[in-house]
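Subject: Structure handover

Hello,

Here is the structure I promised to pass on. My notes follow below it.

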Amino acid sequence: MLQEDDVGSYSIRVVESYDEMSQAAADIVQQTVEAAPGAAITVPTGQTPLGMYEELVRRVKAGTLDLNKTHIFLLDEYLGQGRDDEASLTRWLYESFLTPAGIPAEHIHEVPSTAADPEGAAAAFEVELADLGGLELAVVGLGPNGHVAFNEPGSPPDSRTRIVELAPESRQQSSAYWEGEAAIPERAMTMGLGTILSAKRIVLIVSGDSKAEILRRSLEEEPTLDVPASWLQNVGDRLEVIVDREAASGLTGV
Ligand code: PGA
């Protein structure tokens with residue numbers, strides 16, 4: 001760790017490497033599940049969290065971490081796609097984390113993206129989460145356009161789980177996740193920005209210089225609908241930002 005500092009009232013930790021970021025995020029997941037067994041947490045898909053997953057799975061296999069009681073809520077999924085589809089964020093999470101970590105099926109709360117009544121199912125997903133006391137922890141990544149989960153620019157900060165139109169940048173980002181020509185739907189279902197912002201603890205992990213400018217806009221400009229992640233500034237010390245040096249290179253406050 002290079003530096004720990006307060007910018008506003010959230011904390012930001014600039015680390016030397018992707019591995020260090022992944023370890024630090026895994027440590028927070030571990031602390032959370034040990035302090036609040038049976039609590040609900042959410043974790044992201046994408047490239048950024050893969051190192052954190054590897055570390056969590058390593059700890060589970062080594063017997064130093066028990067995730068058997070933890071409820072995992074998924075963040076987002078393409079509308080109409082599910083874990084049996086090639087291009088599926090749910091499938092991505094099963095393969096990279098849920099299956100190797102042995103999370104019990106009854107503790108996995110998939111985004112109901114294939115439900116016959118998706119709006120009703122999205123509302124029921126929120127109720128399921130509220131019944132477990134809401135999110136104890138939300139680990140989130142930062143999209144190239146500032147999205148958090150699939151809360152695209154324009155998403156209200158009090159939005160709940162719902163169907164959204166994907167921004168062109170997000171569809172482009174998604175098509176790079178799968179080799180070949182996997183078709184990326186135009187719509188998705190995402191946990192709401194408001195749902196995420198209500199978490200008791202929020203960890204934003206960001207790596208690489210391609211994210212430096214959007215991270216700067218997220219943390220150093222006034223919160224705006226144009227940059228969904230910018231609303232994270234408003235949650236105060238519930239937010240911990242863990243970034244590598246490259247992602248932090250545009251920040252003036254650290
Ligand atoms: P990435 O995606 O980790 O693949 O960069 C981040 C996100 O869109 O949240």
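Partly exposed means a relative accessible area between the buried limit, under 20%, and the exposed limit, over 50%. R216 is therefore partly exposed, at 21%. Please keep in mind that this is a predicted model.

Salt bridges

The whole structure holds 12 salt bridges. R216 pairs with E213, at 2.8 Å from N to O. E213 is partly exposed too, at 43% relative accessibility.

R201 meets E240, with the closest N and O atoms 2.6 Å apart. R201 lies in the loop between helix 6 (193-197) and strand 10 (202-206), while E240 is in strand 11, 39 residues away. R201 is partly exposed at 23%; E240 is buried at 12%.

R160 and E126 form a salt bridge at 3.4 Å, N to O. R160 is in the loop between strand 7 and strand 8, and E126 is in helix 4, 34 residues apart. R160 is partly exposed at 40%, whereas E126 is buried at 13%.

Helix 2

Helix 2 covers residues 50-62. Its buried residues include M52, Y53, E55 and R59. They pack against helix 1, helix 3 and strand 7. G63 follows the helix, with a positive phi near 80°.

Cavity

There is 1 cavity of 30 Å³ or more.

Best wishes

Conventions:
Residues are numbered from 1 along each chain as its sequence is written. This is a predicted model: local features need pLDDT of at least 70, side-chain atom pairs count only at pLDDT 80 or more; totals for chains, interfaces and linings use all residues. Side-chain values use heavy atoms; hydrogens and water are left out. Helices (H or I, at least four residues) and strands (E, at least two) are DSSP runs, numbered from the N terminus. The expected span of a helix is 1.5 Å times one less than its number of residues. Buried means under 20% relative accessible area, exposed over 50%, partly exposed in between (1.4 Å probe, protein chains only). Contact means heavy atoms within 4.5 Å. On a 1 Å grid over the protein atoms alone, a cavity is a set of points where a 1.4 Å probe fits but cannot get out, and a pocket is an open set with protein on both sides within 12 Å along at least five of seven lines; lining residues have an atom within 4 Å of a point. Grid points are joined across faces, edges and corners, and a volume is the space filled by probe spheres set on the points. A salt bridge is a side-chain nitrogen of Lys or Arg within 4 Å of a carboxyl oxygen of Asp or Glu.
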